[in-house]
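User: I would like to learn how to read a set of computed features from a protein model. Please take them one at a time, with the general idea before the case.

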Amino acid sequence: SFPGETTLAFSEIQMNEDNLPHSFLFSGDPGSLGSLSSFYDLVDAPYYWALKPVGIRTVGGQAQGVWYTKTGWGIGGADLIFPINKELFFFDLTNGENKEYLGVERSFQGISPDLTYAGSVDVDMNESRSMTVTNLSNNQQVTFPLDPASDRGAGWVVFSPDTQFAAWLEASGSMISDPYDFHPRIRVGDIKHGGVVAVLESDQALGAINGSMISFMRPAGWLDSTTVLVEVRGENWRDATLLRFD
């Protein structure tokens, strides 16, 4: 849904006769959900990609278009750190135009609250996988090089309300290694001027939770323009804590 509006977008997925996901996009207000018809559908044969809405453009409370990405269907694993997405599109509900903003080489990782910036990394696992923020109105980009220790790349980006800053997760090691050597870190970048301006290492976060280790953490959002909300998981995955990172 869109902040301050009642309009929402969602997807449905069915497996077709070839056992491939057939996904459908819908948009409307909560009172009309039972009578909605899909405005776009996709079978991305022979691949297992499904449609996922990530934002709605509204005017006067009415949906004008839906931002969506393609997300990997049926993909999981104990050592999966970042969302598996590709591309970013805007479907204009006023004229049916479907425009691509991020291409097949980009893995979408998040969009700003005002829908003006998107974060992505390279789809190719052999590339640097550093976080790139794209201005969706003019295609200008700023890339934040990975921390030298972040051999697993970056993802899970969230944007400050004033869109000056982005916070994302980087990681090193593995969540299934023995001995355990997974180390997540939250990094914050200045979109307007470039450069990383703050870092939260897992060792720092450990001191703020009631637990003996951190198995995972990611930025969950911003409380204001200088405070990041961080989700932290302890040794037991159900042991979740929310931290305020100034």
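Analyst: Start with burial: a residue is buried under 20% relative accessible area, exposed over 50%, and partly exposed in between, with a 1.4 Å probe and protein chains only. By that rule Glu87 is buried, because its relative accessibility is 4%. The model is predicted, so local features need pLDDT of at least 70 and side-chain atom pairs count only at pLDDT 80 or more, while totals for chains, interfaces and linings use all residues. Residues are numbered from 1 along each chain as its sequence is written, and side-chain values use heavy atoms, with hydrogens and water left out.

User: Where does Glu87 lie, and what is its phi?

Analyst: Helices (H or I, at least four residues) and strands (E, at least two) are DSSP runs numbered from the N terminus. Glu87 lies in strand 6. Its phi is near 70 degrees, a positive value in a residue other than glycine.

User: What is the phi of Arg129, and is Arg129 buried or exposed?

Analyst: Arg129 is not a glycine, yet has a positive phi of about 60 degrees. Arg129 sits in the loop between strand 9 (117-122) and strand 10 (131-135). With a relative accessible area of 11%, Arg129 is buried.

User: How far apart are the closest N and O atoms of Glu201 and Arg185?

Analyst: They are 3.1 Å apart, in a salt bridge between Glu201 and Arg185. Here too the pair links distant parts of the chain, with Glu201 in strand 15 (residues 196-201) and Arg185 in strand 14 (residues 183-190), 16 residues apart.

User: With which residue does Glu231 form a salt bridge?

Analyst: Glu231 forms a salt bridge with Arg233, the closest N and O atoms being 2.9 Å apart. Glu231 is buried at 12% relative accessibility, and Arg233 is buried at 18%. Elsewhere, salt bridges with shared partners join Asp44, Lys70, Lys86 and Glu87 into one network.

User: In what order do the four strands of the open sheet come?

Analyst: Two strands pair if DSSP finds at least two bridges between them. The open sheet has the order 12-13-14-15, with antiparallel pairing. Strand 12 and strand 15 are at the edges with a single partner strand each, so one side of each lacks a neighbour in the sheet. From one strand to the next the twist averages 20 degrees, where axes are lines fitted to C-alpha atoms, for helices over the stretch in contact, and angles run from 0 to 180 degrees between N-to-C directions. Strand 13 (residues 165-172) and strand 14 run antiparallel and are joined by eight bridges. Ala166 stands opposite Gly189 in strand 14.

User: What radius of gyration does the protein chain have?

Analyst: The radius of gyration is taken over C-alpha atoms, and the globule rule is 2.2 Å times the number of residues to the power 0.38. For 246 residues a compact globule would be near 18 Å, and the protein chain agrees because its value is 19 Å.

Key
A salt bridge is a side-chain nitrogen of Lys or Arg within 4 Å of a carboxyl oxygen of Asp or Glu.
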